[in-house]
Amino acid sequence: MSDTAVVHRRLGFGFWSFIVFMLALTALFAGLGNWQLNRLAEKETLIAQVDQKLHLPPITLPPGNEWVGLDPEVYSYRPVTVSGTLQPDQNILVFTSLTEPRGKFSGPGYWVMTPLRLDTGGVLFVNRGFVPQASAKVFLAGDVKPAGTVTVTGIARLPEAAGAFTPGPDKIGRIDWVRTPARLAAMLDPKPEPLADFYVDADAGQPGALPQGGETVVEFPNNHLGYAITWFGFALITPLLLIAWIWRQLRPPAKNIAA
């Protein structure tokens, strides 16, 4: 068979199908890179908005009878001031591991989530702060009881989402794994109503005091630029590989020279 015939045989359906496939991959990789750039812009906008919110003066909440239809996003990461009566006898502990503390305590422990019955009506969970495991029993028993009306200033936070592998709550022990007001309220008797759809991370108290407040973590993973570079790199390499492959397919077969 002549060299020309061999080359023509290579230029069949498989040849053109592979070219279409590689070009489609190139377009896909470029599209994914562009999508990551859009996500980068969105993430940077979100970070800027949250940073702006955190530096606003604290606001108060509307009365409990006006909470129907209240958009919790409006209060997300917004400093708020609330007054009412804490109910530490109904504390719920949410497991955590504090690795970068602002106070003296860290390691495995719990967030102390305490219902606050507001003077204006309604119940709001307050994350009073972190306690190490060794101190958890005291707070679970409700032995620490702020008396009378208290005023709490802190950062409003949206509920944490439970994942597919998040364990269910320990209703008897009043221990949970996520700070989700509706899920926490299901362990209380009677169930508080109306209940705010968000909770408040209390500001730091006296140094060394428990619970250790002021531990709000504001962190948004932002790896979109690295992802974009990776996808654009694939979009660049793929056509180069395709060109090299086409050149090999069009090259005449090597001659075997007998000795």
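A polar contact here is a pair of N or O atoms within 3.5 Å; within protein, one must be able to donate a hydrogen and the other to accept it, and residues adjacent in sequence count only if both atoms are side-chain atoms.

Entry 1: I am working from a predicted model, where local features need pLDDT of at least 70, side-chain atom pairs count only at pLDDT 80 or more, and totals for chains, interfaces and linings use all residues. Residues are numbered from 1 along each chain as its sequence is written, and side-chain values use heavy atoms, with hydrogens and water left out. I looked up Gln-212 and found its side chain at 3.1 Å from the backbone nitrogen of Lys-104. Gln-212 sits in the loop between β7 and α5. Helices (H or I, at least four residues) and strands (E, at least two) are DSSP runs, numbered from the N terminus. Is Gln-212 buried or exposed? Gln-212 is buried, at 6% relative accessible area. Buried means under 20%, exposed over 50%, and partly exposed in between (1.4 Å probe, protein chains only).

**Entry 2: salt bridges.** I listed the salt bridges and got 5. The criterion is a side-chain nitrogen of Lys or Arg within 4 Å of a carboxyl oxygen of Asp or Glu. Side chains of opposite charge can pair when their charged atoms come close.

I checked Asp-201 with Arg-157: the closest N and O atoms are 3.1 Å apart. The pair links distant parts of the chain, with Asp-201 in strand β7 (residues 199-202) and Arg-157 in strand β5 (residues 149-157), 44 residues apart. Asp-201 counts as buried at 4% relative accessibility. Arg-157 counts as buried too, at 12%.

Asp-201 also bridges to Arg-179, at 3.9 Å between the closest N and O atoms. Arg-179 lies in the loop between β6 (175-176) and α4 (181-185) and Asp-201 in strand β7, so this pair ties together parts 22 residues apart in sequence. Arg-179 is buried, as is Asp-201. Shared partners join Arg-157, Glu-160, Arg-179 and Asp-201 into one network.

I then noted Arg-183 with Asp-176, at 2.8 Å between the closest N and O atoms. Asp-176 is buried, with a relative accessible area of 0%.

**Entry 3: α2 and α5.** How do these helices pack? Helix α2 (residues 13-54) and helix α5 (residues 224-250) pack at about 165°, with axes 7 Å apart. Axes are lines fitted to C-alpha atoms, for helices over the stretch in contact, and angles run from 0 to 180 degrees between N-to-C directions. The two are therefore roughly antiparallel (over 145 degrees).

Definitions and conventions: Angles under 35 degrees count as roughly parallel, over 145 as roughly antiparallel, 65 to 115 as roughly perpendicular and the rest as oblique.
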